[in-house]
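Colleague: Could you walk me through this one? I would like to go through the helix packing, the sheets and the ligand site.

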Amino acid sequence: MTENITVPSQMQRRIIPARLSFFRFFKALNYLGYPDWQKQTILIFLVWDWKNKKKRPILRTKSNFYLQRATNDGCTIRCKENAMCRLLHLFSTALVLTPAPLVALEFNMPAGVTDTSQSVFNLHMTIFYICLVIGIIVFGIMFWSIFHHRKSKGAKAAQFHGSVLVEVIWTLIPLLILIAMAIPATTTLTDMYDATESDLDIQVTGHQWKWHYKYIGEDVDFFSILATSREEIENRKQKNPNYLLEVDNALVVPTNKKIRFLFTSNDVIHSWWVPDLAVKKDAIPGFINESWTLINEPGTYRGQCAELCGKHHAFMPIEVKAVPEVEYLAWLDAQKASKLAAAGAVDKDWSKDELMAAGASVYEKNCAVCHQADGSGLPPAFPPLNGSAIVQGDKTGHMQLVINGRQEKGMPAFGAQLSVADIAAVITYERNSWDNQTGDMVSPAEVQSLMDSQ
Ligand code: HEC
Ligand SMILES: [Cu+2]
């Protein structure tokens, strides 16, 4: 903003020459981001108003002026005999006072990028317009009747109680409307539920608070964890446009392939929701729900968990990356290769510094949500790791706790979630961070042999 624009509240008490004020006023509207239609409506009104009032200054003040005009002291004095004028004043007041960002919002649901999402959108619009027409007709007749048959005109109510014809009509019409609505709705729904003949099956498992994706038959699986930094969450840094909608490992899928999703959960009920795909399904422990999608356009589509699932419900977003099939296959190969590399990491000779560095990032991503970045925990639910007897105690007990967790208390079993090297790294990190200075380290080989012996 290079211009020095005075915002309406400061202008309220000032009296500015008409033309300058007019110009500035539009600058302000522009600056505040009013959409064109709103600016144009205000402009039409102003010109109209000006022509009517001839020598009156158009805009002595800003919103306050309109407010005054709409209320008695302003409007009734100037527009005493003109109801139309009063109405326009009222309308433009409402426009000026409506915060621009609110008007500019997209209120409708997205049309999405799949045939299903598009037919859901069309269905939504069809039903919406049917409701709109019904609303206009019903309220139109109602208000017209109220106005034209009012008591002051000496209207006498007509009596048609018990008329068979009227009763048949007002039963039949809604019935026909319902049938007309049910036909497209049923077609869309049966289509949405038909997950057969898929090209690719992905198992989606909800965890507190992350998603796990498993490509069935491909030996590829991974966790997808929130990637937004803590600085942004804690307002120490500017929030980026994908704030709380970004993950470390996106779900990569091919375009133009029918993908079947199998939803389940590891702990509580979650819900996998990506508006652009029109997929929203509950992930329930002990049950498997299914749904499917076929994405037409490559792109990144974002969503969120849509079932209140505990403290970090808002922090388990979904990111789906749809890419052409060749790219998808290349990605799949890379995933398999990195899995092999992770297996090789067990035999590698790790130094303590390497483990500490790797452990810090594993901790930040997997443990800090509950035990906090500084290890202070959130007692009583999540115990501190800083100064914990288990962390400072013997290695085997510590490893066992992290590998097996305490599911009933809310400590996940990381043996099934992290690679052996990651577990060793995070344990080493815990044992040598904050006030915990055991000085020892836990190697991937130690973790592996403990897991093998269990
Ligand atoms: C979802 C929340 C959650 C996450 C994430 C989590 N923990 Fe825990 N953790 C707990 C809870 C709850 C307990 C207490 C269990 C109990 O009462 O026995 C606990 C206990 C522990 C303890 C024992 C502390 C003590 O003194 O009793 C250790 C060690 C530990 N967690 C390590 C980790 C590590 C390492 C990670 C990351 C890889 C991690 N936790 C991630 C919830 C969590
Ligand atoms: Cu959830």
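**Helix packing, sheets and ligand site**

Modeller: Helices H16 and H17 are roughly perpendicular to each other. Bear in mind that this is a predicted model.

Colleague: What angle do H16 and H17 pack at, and how far apart are their axes?

Modeller: The angle is about 115°, and the axes of H16 and H17 are 8 Å apart.

Colleague: Is the crossing of H16 and H17 left-handed or right-handed?

Modeller: H16 passes H17 in a right-handed crossing.

Colleague: Which residues meet there?

Modeller: On the H16 side they are Val-420, Ala-421, Ile-423 and Ala-424, and they meet Pro-444, Glu-446, Val-447 and Gln-448 in H17. By class, the contact of H16 with H17 has six nonpolar residues, one polar and one charged.

Colleague: What about H15 and H17, at what angle do their axes cross?

Modeller: The axes of H15 (395-404) and H17 (444-453) cross at roughly 70° and come within 11 Å. H15 and H17 are therefore roughly perpendicular to each other, and their crossing is right-handed.

Colleague: Which residues make that contact?

Modeller: H15 contributes Thr-396, Met-399 and Ile-403, while H17 contributes Val-447, Leu-450 and Met-451. Five residues of the contact of H15 with H17 are nonpolar and one is polar, with no charged residue. Val-447 of H17 is in this contact, and Val-447 is also among the H17 residues that meet H16.

Colleague: Which residues make the contact?

Modeller: From H8 there are Thr-116, Ser-119, Val-120, Leu-123, Thr-126, Ile-127 and Ile-130. From H9 there are Ile-177, Met-181, Pro-184, Ala-185, Thr-188, Asp-191 and Met-192. The contact of H8 with H9 divides into nine nonpolar, four polar and one charged.

Colleague: On to the sheets. What is the strand order in the one that contains S1?

Modeller: That is an open sheet of five strands in the order S3-S2-S1-S5-S8, and the pairing is mixed. Its edge strands are S3 (220-224) and S8 (289-293), each of which pairs on one side only. Neighbouring strands of this sheet are turned by 20° against each other on average, direction ignored.

Colleague: How many bridges join S1 to S5, and do they run parallel or antiparallel?

Modeller: Seven bridges join S1 (200-207) to S5 (259-265), and the two strands run parallel. Asp-201, for one, has Arg-260 in S5 as its bridge partner.

Colleague: And the sheet with S10, what is the order there?

Modeller: Five strands form that open sheet, in the order S4-S10-S9-S6-S7, again with mixed pairing. S4 and S7 (279-283) stand at the edges with a single partner strand each, so one side of each has no neighbour in the sheet. The twist averages 25° from one strand to the next.

Colleague: Which helix packs on it?

Modeller: H11 (325-344) does, touching S4 and S10, and its direction makes about 135° with that of S4.

Colleague: What does S10 pair with?

Modeller: S10 (318-323) is joined to S4 (251-254) by four bridges, and S4 and S10 run parallel. Here Val-253 stands opposite Ala-322 in S10. S9 (299-305) is joined to S10 by five bridges, and those two run antiparallel. In that pair Tyr-301 stands opposite Val-320.

Colleague: Last topic, ligand 1. Which residues come nearest?

Modeller: Of the 25 residues around ligand 1, the nearest are Cys-367, Cys-370, Ser-388, Lys-409 and Met-411.

Colleague: Which helices supply at least two residues of that shell?

Modeller: H13 (368-371), H14 (389-392), H15 (395-404) and H16 (420-431) each do.

Colleague: How does the shell divide by class?

Modeller: Around ligand 1 there are 16 nonpolar, six polar and three charged residues.

Notes. Residues are numbered from 1 along each chain as its sequence is written. Chains are lettered from A and ligands numbered from 1 in the order in which they are written. This is a predicted model: local features need pLDDT of at least 70, side-chain atom pairs count only at pLDDT 80 or more; totals for chains, interfaces and linings use all residues. Two strands pair if DSSP finds at least two bridges between them. Axes are lines fitted to C-alpha atoms, for helices over the stretch in contact, and angles run from 0 to 180 degrees between N-to-C directions. A residue is near a molecule or strand if its C-beta atom, placed from the backbone, lies within 6 Å of it. Ala, Val, Leu, Ile, Met, Phe, Trp, Tyr, Cys and Pro count as nonpolar, Asp, Glu, Lys and Arg as charged, and the others, Gly among them, as polar. Angles under 35 degrees count as roughly parallel, over 145 as roughly antiparallel, 65 to 115 as roughly perpendicular and the rest as oblique. A crossing is left-handed if the near helix is turned anticlockwise from the far one by less than a right angle, and right-handed if clockwise. Two residues are in contact if their C-beta atoms, placed from the backbone, lie within 7 Å.
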